[in-house]
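Please open the model in your viewer and keep the sequence panel beside it.

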Amino acid sequence: MIRIQAPRRSSEAKVIEYNGKFGATSDLWRMWTRYMILILSYLITEIWMERQHLSQRDVDPGAGLTRNHTLLEGTRFKRVVFEGQYCRNFGCCEARDDDCVTQFYEAKALCYCDTFCERENSDCCPDYKSFCREEKEWPLHIKPWYPEGCHRDGQHYEEGSVIKENCNSCTCSGRQWKCSQRVCLVQPGLIEHINKGDYGWTAQNYSQFWGMTLEEGFRHRLGTLPPSPVLLSMHEVTASLPATTDLPEFFVASYKWPGWTHGPLDQKNCAASWAFSTASVAADRIAIQSKGQYTANLSPQNLISCCAKKRHGCSSGGIDRAWWYLRKRGLVSHACYPLFKDQNATNNGCAMASRSDGRGKRHATKPCPNSIEKSNRIYQCSPPYRVSSEETEIMKEIIQNGPVQAIMQVHEDFFNYKTGIYRHVTSPSGESEKYQKLRTHAVKLTGFLDAREISFKELDS
């Protein structure tokens with residue numbers, strides 16, 4: 001008998017036996033020699049593989065562990081028979097047990113079910129944690145496959161895809177969405193907060209504002225410069241109503257002068273509330289003062305395109321300059337000079353001209369830009385005046401002479417205004433606090449409510 005020993009997980013040896021009989025003839029001798037060569041080749045390979053595996057298991061030579069020669073000698077705390085599994089079929093062992101091993105066919109290697117396998121370089125069987133430790137773990141051969149890319153609202157997007165979330169862009173990167181953090185003009189949380197609270201006004205999500213940033217709203221949807229020193233130094237004029245006049249609790253100019261006041265025009269993304277509010281207030285006042293003889297709505301486009309001195313057009317402007325132009329040059333009707341579809345076009349120069357007849361009145365020297373409208377009448381006004389900032393005086397002025405123009409400071413919540421008495425409401429999350437910027441906006445005041453509250457129609461509804 002020949003006994004060959006090969007080192008394995010510990011200092012012990014693996015025993016392989018071979019029995020053979022020796023013949024007397026040379027043929028038998030040669031056959032036996034060839035057979036021995038094959039066995040030796042196999043054993044050399046087995047020894048080399050065992051050493052490689054031994055080095056991977058990081059054996060501590062000082063541990064002094066002795067090998068158990070039979071599977072029954074290991075301390076087993078769980079053993080079941082489950083065909084087609086590893087630890088489920090073989091059982092689990094405590095501490096280090098080199099016989100607690102089975103063939104891991106998928107990886108063409110050995111795997112273990114003893115607690116020693118739980119190391120940094122684990123050689124545990126695929127079902128060790130799920131069976132021996134009762135932890136949920138996918139076996140290697142049935143791990144779920146997740147495709148590259150990202151998901152959003154039940155739809156799959158490829159890696160690198162870009163989608164729009166309101167005013168922010170989100171990019172699929174590493175199976176995750178990475179989004180910009182800009183503050184949006186429309187904030188659904190703020191709208192809900194306003195409508196659920198008792199703030200005196202209601203908010204609305206305007207679809208034309210969706211996708212715009214708060215900065216874009218300030219830049220494109222307002223458009224009036226702060227009051228100039230000249231405007232602030234104007235002498236205040238009070239209404240001629242007696243001081244004891246009993247003011248109503250509710251007043252709207254269109255109720256007193258039906259057909260003589262005008263609704264707001266949409267300024268779109270043209271930051272020219274300076275022109276829209278001036279033209280609208282002037283049109284109302286001319287209709288009221290003429291007792292309905294002249295009721296045309298005046299053209300804000302005429303101001304935007306032709307008020308040339310320090311002209312800012314759709315990039316903001318001052319109301320004092322607008323009133324100067326209206327008094328000195330005059331405006332045509334909105335029907336004669338309608339709004340351009342593209343305010344940024346390079347050919348949007350002034351399309352109207354007028355001359356004085358020597359008696360203080362001006363007449364157009366060009367036909368209407370809108371060829372369908374034949375009347376190119378020029379409308380002028382008397383010098384403007386400043387109304388007192390006292391609420392009672394503003395109310396008296398509206399009752400006696402009609403709507404007035406006002407400049408207001410705008411917060412981010414104003415873009416959601418729908419109806420009611422506007423008061424600034426801060427965001428419940430406080431996210432926009434650091435983005436709060438006060439900008440000025442010109443509006444037309446058309447009435448009041450509850451004797452001390454002023455309501456208005458916002459001109460870019």
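**First stop: a contact inside a helix**

Select serine 305 and glutamine 301, whose side chains make a polar contact at 2.8 Å; a polar contact is a pair of N or O atoms within 3.5 Å, where, within protein, one must be able to donate a hydrogen and the other to accept it, and residues adjacent in sequence count only if both atoms are side-chain atoms. Before going on, note that this is a predicted model, in which local features need pLDDT of at least 70 and side-chain atom pairs count only at pLDDT 80 or more, while totals for chains, interfaces and linings use all residues. Residues are numbered from 1 along each chain as its sequence is written, and side-chain values use heavy atoms, with hydrogens and water left out.

Serine 305 belongs to helix 9, residues 300-306, where helices (H or I, at least four residues) and strands (E, at least two) are DSSP runs numbered from the N terminus. Is serine 305 buried or exposed? Its relative accessibility is 3%, so serine 305 counts as buried (buried means under 20% relative accessible area, exposed over 50%, and partly exposed in between, with a 1.4 Å probe and protein chains only).

**Second stop: helix 8**

Now select residues 273-289, the 17 residues of helix 8, which reaches 24 Å from its first C-alpha to its last, close to the 24 Å expected at 1.5 Å a residue; the expected span is 1.5 Å times one less than the number of residues. Because 16 of its 17 residues are buried, helix 8 is largely enclosed by the rest of the structure. After helix 8 comes lysine 291, with a positive phi near 55°.

Select residues 439-449, which make up strand 20 and include leucine 449. Nine of the 11 residues in strand 20 are buried, so that the strand is mostly covered, whereas leucine 449 is partly exposed, with a relative accessible area of 32%.

**Last stop: a loop glycine**

Finally, select glycine 211, in the loop between strand 12 (201-203) and helix 5 (214-220). Glycine 211 is buried, at 19% relative accessible area, and its C-alpha atom is separated by 4.1 Å from that of cysteine 167, 44 residues apart along the chain.
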